[in-house]
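Q: I am new to this structure and would like to go through it with you. Could we start with its contacts?

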Amino acid sequence: MLTISQLASYAGVTVRAVRHYHAKGLLPEPERDRSGYRRYDAAAVVELIRIRTLAEAGVPLSRVQELLDAGPEEFSAAVADVDERLRAEIRERRSHRERIAQLAAGDSLALPPEAVAYLQRMRELGFRERLIEVERDSWILIAARMPHEVPAFMAIKQAQIEHETLRRLYLDMGDLADCSSDDPRLPELADRVTAFIEAAAAASAGMEDQPISDDLVALLDAAFVQSFPCAPRLLTLLEERGWTGWTDVRRLEPAAAPTRSVGG
């Protein structure tokens, strides 16, 4: 008769594993003998080896008893089922590894390839990392809500960033990322942004805009304001020049002239 330590040694497991199988109800726990020890026989060794073999093969402990009690046909069917589950886990882990490899550059997290390529192009063109981070977070928000529209959006952004005048505007905005609301460069920047907006509006006249939900527009605008201390002042300057918004820029309607009463 064997002690629990001897049993574990025979079966090639730890004493802790034996106690765990006891707790799971897989291996009967014998009564203590007169000296206070639990003694195990050869049948316990065989049963423990069978449990260990199934567990090492990847069979969940919740199904070990089922396989121990199964007849030949039931055992084969259960093993086939476990094998398919293991194959699915392997495929999932391979997918995870591929995803981890893609994340090595950092920007790939939650972003489609088109957006990652755009951010990389920003780095190549010398944009500040602060501005790139703001762009990255904005595109994560957009991709989460409008994944199928991202390729079309990114084609527009890629064309814009290659436009020398607009690229210079983007770069200068990056230089003003930490400026205060009273920075004397802001009015001139607002003039340049307005000029771009008006040129873009003229070029796209009659074209249908890609719709963005109001809640996403509000979220992106809030992110812009939070990221740049000068943003509220810049938005005010744009309104003075006839435009409102940042993500979805709209022309302000002129204020209606007051109606004068007859004889007034």
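Q: Among contacts between residues at least 6 apart in sequence, what share joins residues at least 24 apart?
A: In the protein chain, 56% of those contacts do so, a contact being heavy atoms within 4.5 Å. This is a predicted model in which local features need pLDDT of at least 70 and side-chain atom pairs count only at pLDDT 80 or more, while totals for chains, interfaces and linings use all residues. Residues are numbered from 1 along each chain as its sequence is written, and side-chain values use heavy atoms, with hydrogens and water left out.

Q: How many helices and strands are there?
A: The protein chain has 12 helices and two strands. These are DSSP runs numbered from the N terminus: H or I of at least four residues for helices, E of at least two for strands.

Q: In what order do the elements run from the N terminus?
A: The order is α-α-α-α-α-α-α-α-α-α-α-α-β-β.

Q: Where is E74, and is it buried or exposed?
A: E74 lies in helix α5, residues 72-102. E74 counts as exposed because its relative accessibility is 54%; exposed means over 50% relative accessible area, buried under 20% and partly exposed in between, with a 1.4 Å probe and protein chains only.

Q: What does its side chain reach?
A: The side chain of E74 reaches the backbone nitrogen of G71 at 3.1 Å.

Q: Now the cysteines: how many disulfides are found?
A: A search of the whole structure finds zero disulfides, a disulfide being a pair of cysteine sulfur atoms within 2.5 Å. For C179, the nearest cysteine sulfur is that of C230, 3.7 Å away.

Q: Are those two buried or exposed?
A: C179 is buried at 7% relative accessible area, and C230 is buried at 5%.

Technical notes: A polar contact is a pair of N or O atoms within 3.5 Å; within protein, one must be able to donate a hydrogen and the other to accept it, and residues adjacent in sequence count only if both atoms are side-chain atoms.
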